[in-house]
Amino acid sequence: MYFNDEIQEIANKRKDLWELTNWINRRKLPATEVIKHNGQPCLSPKSLWDALHSTFNTAQNRQINIEILNEINHKPTAQWAPFSKEKLKQVIVKCNNSSALGPDKLSWRHLKIITKQDECLTNIINVANACINLGHWLNYFKCSSMIIIPKPNKSSYGHAKMFRPIILLNTLGKLIEKVIAERIQFTVVNNNFIHPSQLGGLKFKSTMDAGVTLTHIVRSGWTKDKSTSTLAFDISQFFPSLNHNLLTSILVMIDTSWMQHGLGSRV
């Protein structure tokens, strides 16, 4: 009753409606932290770059054992089929219009409108086929901008590993790369280059498939009166730790069609 009377007095007599709202509390500022590297704060762009570079390029100068490539069998080569309009249309329709823009500031929505014109689509296919036939990837497709984004739900952002670098490429180059990636995936799966237990990053290999595979393993053990234990682990900084030279050497040893017809120079 007391508070109702107070509200009526403020609203009807003094006309100071803003008094009903709390305006004077201290505003909570966003928490900020200084990124530290080797125990020292990064207070200049150079020190920040050194911290990020050493964190995300840990395998750049690491020695690799090339002898493991001797275990890879050479595969016969095949001709690279020209790109088709239907395949480009299938790929671009799945692209998200809200994706971050690359250096060319061309969105997927704009590119979808452009490729609806048959002449424009034909020109794009001609460029893609020329890249494969000449074994040359245009510098325009290599242009990129890198941004550093924080990983979500971290208690502290005082270390570089709490952030993730992402690369934004020109949209037209990404479209051609998506078509190439789908064809490569079809080729490697069709020729048994990938182990059947590989489930991540492949078409028709969802989380449900991983669960079905695990369930099958467990039940197979039960039929033999055995118990099944599962060990799951996460490799910290896995992708920055990949050695690009070794990956390139593996592709050369496989000697498949995309290496002989142009994509070797791209890698």
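Between which two helices does the loop that holds K105 lie?

The model discussed here is predicted. K105 is placed in the loop that joins α3 (85-92) and α4 (108-115). Its phi is near 60 degrees, a positive value in a residue other than glycine. K105 is exposed, since its relative accessible area of 56% lies over the 50% cut-off.

A second case is N38, which has a positive phi of about 55 degrees although it is not a glycine. N38 belongs to the loop between β1 and β2 (40-41), and its relative accessible area of 69% makes N38 exposed. Most residues other than glycine have a negative phi, and most peptide bonds are trans.

## Overall architecture

The protein chain contains 10 helices and 4 strands. Read from the N terminus, the order of the elements is α-β-β-α-α-α-α-α-β-β-α-α-α-α. Of the 267 residues in the protein chain, 24% are buried.

Strand β1 (residues 36-37) includes H37. With a relative accessible area of 27%, H37 is partly exposed. Although H37 and D50 are separated by 13 residues in sequence, their C-alpha atoms are 8.7 Å apart.

Helix α2 (residues 45-56) has 12 residues, which at 1.5 Å a residue should span 16 Å; its end C-alpha atoms are 16 Å apart, in agreement with that expectation. The buried residues in α2 are A51, L52, T55 and F56. These residues lie on the same side of α2, because they cover an arc of only 110 degrees around the axis.

The same comparison can be made for helix α5 (residues 118-134): its 17 residues should span 24 Å at 1.5 Å a residue, and the end C-alpha atoms are 24 Å apart, which agrees. Buried positions in α5 are L121, I124, I125, A128, N129, C131 and I132. They cover an arc of only 155 degrees around the axis and are therefore on the same side of α5.

The face turned away from the buried side of α5 carries E119, N133 and L134, which are exposed. Just after α5 comes G135, with a positive phi of about 65 degrees.

## Aromatic contacts

A pair of aromatic rings is described by the distance of the centres and the angle of the planes.

W137, Y140 and F141 together form one aromatic cluster.

Rolling a probe the size of a water molecule over the atoms shows where empty space is left. The second largest pocket holds about 270 Å³ of space. Its lining consists of 14 residues, and those nearest its centre are Q185, F186, V189, K203 and F204.

Helix α7 (residues 171-190) contributes the most to this lining, with 5 residues. Sorted by class, the lining of the second largest pocket comprises 6 nonpolar, 3 polar and 5 charged residues.

Note on methods
Residues are numbered from 1 along each chain as its sequence is written. This is a predicted model: local features need pLDDT of at least 70, side-chain atom pairs count only at pLDDT 80 or more; totals for chains, interfaces and linings use all residues. Side-chain values use heavy atoms; hydrogens and water are left out. On a 1 Å grid over the protein atoms alone, a cavity is a set of points where a 1.4 Å probe fits but cannot get out, and a pocket is an open set with protein on both sides within 12 Å along at least five of seven lines; lining residues have an atom within 4 Å of a point. Grid points are joined across faces, edges and corners, and a volume is the space filled by probe spheres set on the points. Ala, Val, Leu, Ile, Met, Phe, Trp, Tyr, Cys and Pro count as nonpolar, Asp, Glu, Lys and Arg as charged, and the others, Gly among them, as polar. The expected span of a helix is 1.5 Å times one less than its number of residues. Buried means under 20% relative accessible area, exposed over 50%, partly exposed in between (1.4 Å probe, protein chains only). The arc is that of the directions from the helix axis to the C-beta atoms. Rings of Phe, Tyr and Trp (its six-membered ring) pair if their centres lie within 6.5 Å; planes under 30 degrees apart count as stacked, over 60 as edge-to-face and the rest as tilted.
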